[in-house]
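Dear colleague,

Here is the structure I said I would hand over. My notes follow below it.

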Amino acid sequence: MTHRIELVVNGRVRAAEVDVRDSLLDLLRDRLGLTGTKRGCDQGECGACTVLLDGGAVNACTVLALEASGRAMLTIEGLAAPELDALQRAFVACGAVQCGFCTPGMILSAKAYLDGLPARGAPPSDAAIRRALSGNLCRCTGYRKIVEAVGRAWGSRRHGEAAGG
Amino acid sequence: MVELRVIGQRLPRPDAVPRVTGEALYTDDLTLPGMLHGAVVHAPHAHARVLGVDLARAAALPGVRAVLTPQNCRLLPVEVLYAGQKVAAVAAVDRHTARQAADLIQVEYEVLPAVFDPLLAMAPDAPEVRPSRLASPPPHLAGCRNICSYQRKERGDAEQALARAAVVVEETYRVGAAHQAYLEPHACVARFDRAGELTLWSSVQGQFNARAALAAALELPVSQVRVVAPEIGGAFGGKTALIMDPLAAELARRTGAPVKIVMTRQEELADSHPGPACVACVRTGAASDGALVAEWAQIVYDTGAAGGAPAGSFDRTRGLYRIPDFRYDIYSVYTHKLVPGAYRAPGALELTFAFEQQMDALARRLGLDPVELRRRNAVDEGDLTVDGKPYPAIGLRQSLRRAGAYAASLPRAAHRGVGVACGKWMNAIGASGVVLLLDEDGTVRVTTGAVDLTGVNTALAMVVAEELGIAPDQVQVRTRGTDAAPYAAISGGSRTTYGMSLAARAAAAQLVAAAVDFAAGVLGRPAAALSFDQGEVRVRDGAAALSLAELGALAIQSPRGPLTATGSASDPAWLADSHIFITQVAEVEVDPETGEIRVLRISSFQDVGRAINPLLVEGQIEGGIVQGMGWGLFEGLVFDRGVVLNDGLLEYRIPTAMDAPQLQPVLIEVPSPAGPYGLKGVGEPSMVATPAALANAIFDATGVRLVATPLAQSGALVR
């Protein structure tokens, strides 16, 4: 019981044969070989499988693969293009990466949050960042350096925009 | 202290880059040609005999390649001892089919009587989980059942001393079992090649002990088993034992194909090795000036269906205060539940929760500040450990002083409380070895067999760079599998950076000697005329010098061959003489109407000896604090007749970014005499004192002492 679907992943059109039981997470990891998106619980509770679907953050394990037909998504593999994105640089610099398993999902949730902020607003507060990331569990870091990294990325994205980006 | 160039720098981990790009490979990211997927059937009963297994419907499913049952596989039990125990396993062409086939396997059980409470399990008429392991039980345990272990630590006469004490505080404390909840579920891929060598890729903390365990389970010689650990997504002590791996290997053997098994989150919470539950009844006595006179305790760990609870950690985690007379009886008792294991400083958090609330309660009774009471009794260099050995230079007083000053600086506010708790741990050393090779471009290649759990590879690059006077990015550290790397103990026990750095320092010294010796031949000078400094061999009168790159290239082409070195460190006693003290200060706010507890900030004053990389050390400490907060405040496995009820991450709630408080890690450095650069192990201690600090803070805010975890589920704070 497979169906052929087409979708846009990280800017490229991809085709895949999907089982009706496949989630978007199964599609990405098992059909398309994009293993950067992680499976932490398969129940939509940990956020490790967060991807951006038409710009919005979703837990890929809660989306049926067939639902993704014809849509566009961004996974962690699509972020460095080819240089590391501001969030990726900030996570590395701030020591916000330990085991790294939550990291792809955490970075994409943070990206969706920062992308949604007004261009000329005030820096996001500690509490606002924590709320935005509350769907992404991390067991290693205690979150302090992750929150710091998101704040730092906001700053360098702003600087990049101000510098004529 | 010697001026260090690299040690002490806040260096970001080079291996963070592949993690932020998604390139880092974890075990479930691996796919091999022809690979099958395995799924496991778990028993629903806590104690039962397996009467029969009906495979007809499962075997008829297209794509099923092999099924293991107790009838055809010794790895599976005929008597189930805990709900969740594996009773059958199937390999199929994909994950969906494997799971479907597992669900179609019908197992017939004869349900047997079971016992779930360790205190009840000790009764002479309790259902027997396993025969008691005590060869000759002491009189007070005669007739008791299900006792896995018993230990008494004693000095003087605690009963007499308590009878004479001016003040005695007595309480019973209960800590529930908590899961490590690493984000990456256990995963393994097993493959037999045509020559009969078994390779296992697995999410494990120790490649070599996994190899030994797998070889024993499959009855293979160790030389025919290879273990390769890919990146690991968290462990915290929960990935030291094999879980699905022997079944995956057996399925691979029978099908002739590689087999992957990945645990579901439900399986993780019901059938792995969580931190154990513990009940501690403690009596602590003091003189009216606060000097401790005696302490007595009965401590019972619930060790589930097999020995696994870390009941032997008492002296590793206590011994913070001078107590002339004491008696501690420590038991671990079998019950029909899953087998616990290590969770970051195994056994320590449970004890600290009890003993550090005792100190707080004593202080209140005596009208003393809780920090002052601890200060009056704190051990220092020369005082005795629980086991009667003298302490070397230690950091308890410094940590108490800094924590006390901070706590005293906090403004008081209604419904807010401040709590203090101290903790102690000792790091292990374990077998540690590295191999260095100087490459033709001057790169120093470091081969290690230790799983990089906590950033050890970054630390090794820094140590080698420091010793050779080069930049860290001129050092490349690679973790290789058991067939290619020197033996290493498990990564854990706060030993990895400690032990591996000792090995790396020794190897670097050997490489320097080899470089000088080789250069002597090249330059035509005696070795005594040469010196090594900043990555170069120099002639002492300044005439000539050879860089590591030049030496590397020359050596590789020479009859002597490439410059290599080895270094190792170990101690048969496992534990290093390295005592880590920590004082934590928790600030909470308690809603007077609802009893809801908000944790505002947790500050941790930890003696790290010497921080090789403060950025990484802070990260370890911050993570440990939040794990300790989770265990103390709202985590705990909930059982109904031995069945785990909260087997998902919604029901087994771990701290989110919103739950985590402000964190203030303060690194205190009292150098360890034996540790590399004075370093002490860091990874574990930071979670040990957190639940006690929180409970003490809640008391400070409300006047209510909560003696059981999870603290947030006590009804005692609701008006």
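Two packed helices in chain B

In this predicted model, helix 10 (residues 348–366) of chain B packs against helix 11 (residues 370–377) of chain B at an angle of about 110°, with the axes 8 Å apart. Helix 10 of chain B is therefore roughly perpendicular to helix 11 of chain B (a label for angles of 65 to 115 degrees). Axes are lines fitted to C-alpha atoms over the stretch in contact, and angles run from 0 to 180 degrees between N-to-C directions. Helices (H or I, at least four residues) and strands (E, at least two) are DSSP runs, numbered from the N terminus.

In helix 10 of chain B, the residues that meet helix 11 of chain B include Met359(B), Leu362(B) and Leu366(B). Contact means heavy atoms within 4.5 Å.

Chain A

Chain A has five helices and five strands, in the order β-β-α-β-β-β-α-α-α-α along the sequence. Its C-alpha trace spans about 50 × 35 × 25 Å along the principal axes. Of its 165 residues, 55% count as buried (under 20% relative accessible area, 1.4 Å probe, protein chains only). Among contacts in chain A with a separation of 6 or more, 55% are between residues 24 or more positions apart.

How to read this

Residues are numbered from 1 along each chain as its sequence is written, and chains are lettered from A and ligands numbered from 1 in the order written. Local features need pLDDT of at least 70, side-chain atom pairs count only at pLDDT 80 or more, totals for chains, interfaces and linings use all residues, and side-chain values use heavy atoms, with hydrogens and water left out.

Regards

How values were computed: Parallel < 35°, antiparallel > 145°, perpendicular 65-115°, else oblique. Buried < 20%, exposed > 50% of the residue type's maximum accessible area, 1.4 Å probe, protein only.
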